[in-house]
Amino acid sequence: MSDQKKILITGGAGFIGSHVVRLFVNKYPDYQIYNLDALTYAGNLENLKDIESAENYHFIKADIVDAHQINQLFGEHRFDSVIHLAAESHVDRSITDPLAFVRTNVIGTVNLLNAFRDTWKDNFEGKLFYHISTDEVYGTLGETGLFEETTAYDPNSPYSASKASSDHFVRAYGETYGLPHVVTNCSNNYGPNQFPEKLIPLFIHNIKTNKSLPVYGDGKYTRDWLYVIDHARAIDLVFHEGKEGETYNIGGFNEWQNIELIRVLIKQMDEKLGRPAGESEKLITYVKDRPGHDRRYAIDANKIKNELGWEPSVTFEEGLSETIDWYLENEEWLQNVTSGDYQKYYEGMYAGR
Ligand code: NAD
Ligand code: TYD
């Protein structure tokens with residue numbers, strides 16, 4: 001879709017963003033990749049150490065909530081395309097502080113849309129605003145059924161409400177101003193570099209350090225899991241070949257109840273840590289449920305599969321094994337991100353459960 005060369009990737013120091021930045025920097029040496037990130041608790045330049053001195057890579061520390069700064073940067077660099085990943089991304093944090101999610105996810109997105117529109121409004125030819133979103137905007141499913149691209153939005157958490165709002169703004173800018181855009185809604189990602197507040201990296205960390213594994217509610221909540229590198233591959237494909245104005249769902253064809261997933265994780269970790277099989281099951285602790293907890297997410301990813309030829313490249317067992325290995329080999333990364341404020345967050349989030 002776009003053959004433009006000056007690409008702004010927002011949130012590139014975060015979990016998914018860092019994999020997207022790496023893929024684009026390595027695969028497209030002719031593109032200039034600008035990674036704009038505010039470096040919140042979730043942003044970590046260590047994620048990009050291997051490519052930070054590449055000639056086509058540039059880092060900009062900026063906050064998308066700051067309209068003045070964003071407008072200046074667009075004035076200076078005239079980015080032809082945006083791949084927008086910067087966001088507050090953790091549901092539990094959104095329950096504690098919804099406004100932080102309105103600021104970054106809603107106002108931040110509108111600031112980017114305004115700057116992009118002001119820069120290119122006289123000729124949008126060959127330009128693209130690619131917005132990365134989540135399946136959580138669709139709300140929750142019963143025991144059957146899948147989220148389709150046409151499923152009505154029905155968000156239940158402040159996080160998903162803020163993402164839904166940003167998706168609507170992107171679409172509305174397309175309708176109102178003719179702004180060329182594409183949106184993808186992806187299921188739960190896992191893989192290297194994910195901040196240990198989300199289920200999989202948190203539980204890897206806790207199993208390793210023999211801490212309890214806080215399972216919310218009855219543990220029978222269901223998510224569809226996708227390896228982050230497969231998400232980055234999908235983003236590359238949609239950026240280049242997706243149809244303007246379209247939405248694509250991205251998922252792993254890989255549904256797991258939390259408790260079943262946790263058992264697979266324990267099995268693999270006990271093996272890798274040389275513990276007797278099932279030893280870490282004793283760490284499982286059922287705790288108070290998350291308010292408004294969505295029961296089940298499951299994605300129908302057949303549109304991107306049939307129209308663009310994308311599908312996941314690794315099985316869940318392979319992806320999980322690689323993920324565990326990464327966390328076990330990157331002790332220092334984990335120590336750096338779990339020092340300081342992390343302890344305060346952890347105690348605050350789990351004390352009352
Ligand atoms: P993350 O929390 O790991 O990273 C977010 C990044 O955005 C961080 O580097 C952070 O510093 C940056 N950021 C936050 N606020 C900012 C601001 N105001 N200005 C500039 N930068 C800011 O998130 P992630 O899991 O990598 O998710 C990336 C995107 O993908 C998000 O839009 C999220 O909604 C979406 N998504 C995530 C998942 C998932 O399972 N993690 C699934 C589907 C969609
Ligand atoms: P999470 O990784 O926070 O992703 P999301 O809420 O965006 O799907 O959580 C995945 C599932 O795991 C979700 O059903 C909530 C559950 N969960 C726990 O049971 N315990 C925990 O400590 C966490 C963080 C999540």
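Phe-116 is buried, with a relative accessibility of 0%; the word buried denotes under 20% relative accessible area, exposed over 50% and partly exposed the range in between, for a 1.4 Å probe and protein chains only. Phe-129 likewise counts as buried, at a relative accessible area of 0%. The model is predicted, so local features need pLDDT of at least 70 and side-chain atom pairs pLDDT 80 or more, while totals for chains, interfaces and linings use all residues. Residues are numbered from 1 along each chain as its sequence is written, chains are lettered from A and ligands numbered from 1 in the order in which they are written, and side-chain values use heavy atoms, without hydrogens and water.

**Aromatic pairs**

The whole structure contains 24 aromatic pairs. Rings of Phe, Tyr and Trp (its six-membered ring) pair if their centres lie within 6.5 Å; planes under 30 degrees apart are stacked, over 60 edge-to-face, and the rest tilted. Two pairs are set out below.

| Pair | Centre to centre | Angle between planes | Arrangement |
|---|---|---|---|
| Phe-116 and Phe-129 | 5.8 Å | 70° | edge-to-face |
| Tyr-216 and Tyr-350 | 6.3 Å | 35° | tilted |

The pair of Phe-116 and Phe-129 joins helix H4 (residues 98-120) to strand S5 (residues 128-134), across 13 residues of the chain. Helices (H or I, at least four residues) and strands (E, at least two) are DSSP runs, numbered from the N terminus. The pair of Tyr-216 and Tyr-350 links strand S8 (residues 213-216) with helix H12 (residues 341-351), 134 residues apart. Tyr-216 is buried at 10% relative accessibility, and Tyr-350 is buried at 13%.

Both tyrosines also belong to a cluster linked by ring pairs, together with Tyr-41, Phe-195, Tyr-342, Tyr-345 and Tyr-346. Arg-93 lies over the face of Tyr-345, 4.1 Å from the ring centre; a charge sits over a ring if NZ of Lys or CZ of Arg is within 6 Å of the ring centre and within 35 degrees of the ring normal. The charged end of Arg-295 lies over the ring of Tyr-221, at 4.5 Å from its centre.

**Nonpolar cores**

A nonpolar core is a set of buried Ala, Val, Leu, Ile, Met, Phe, Trp, Tyr and Cys residues joined through side-chain atoms within 4.5 Å. The largest has 36 residues, and Ile-200, Leu-213, Leu-265 and Phe-316 have the most contacts inside it. Among the elements that give two or more residues to this core are S8, helix H8 (258-273) and H12. H8 supplies the largest share, seven residues.
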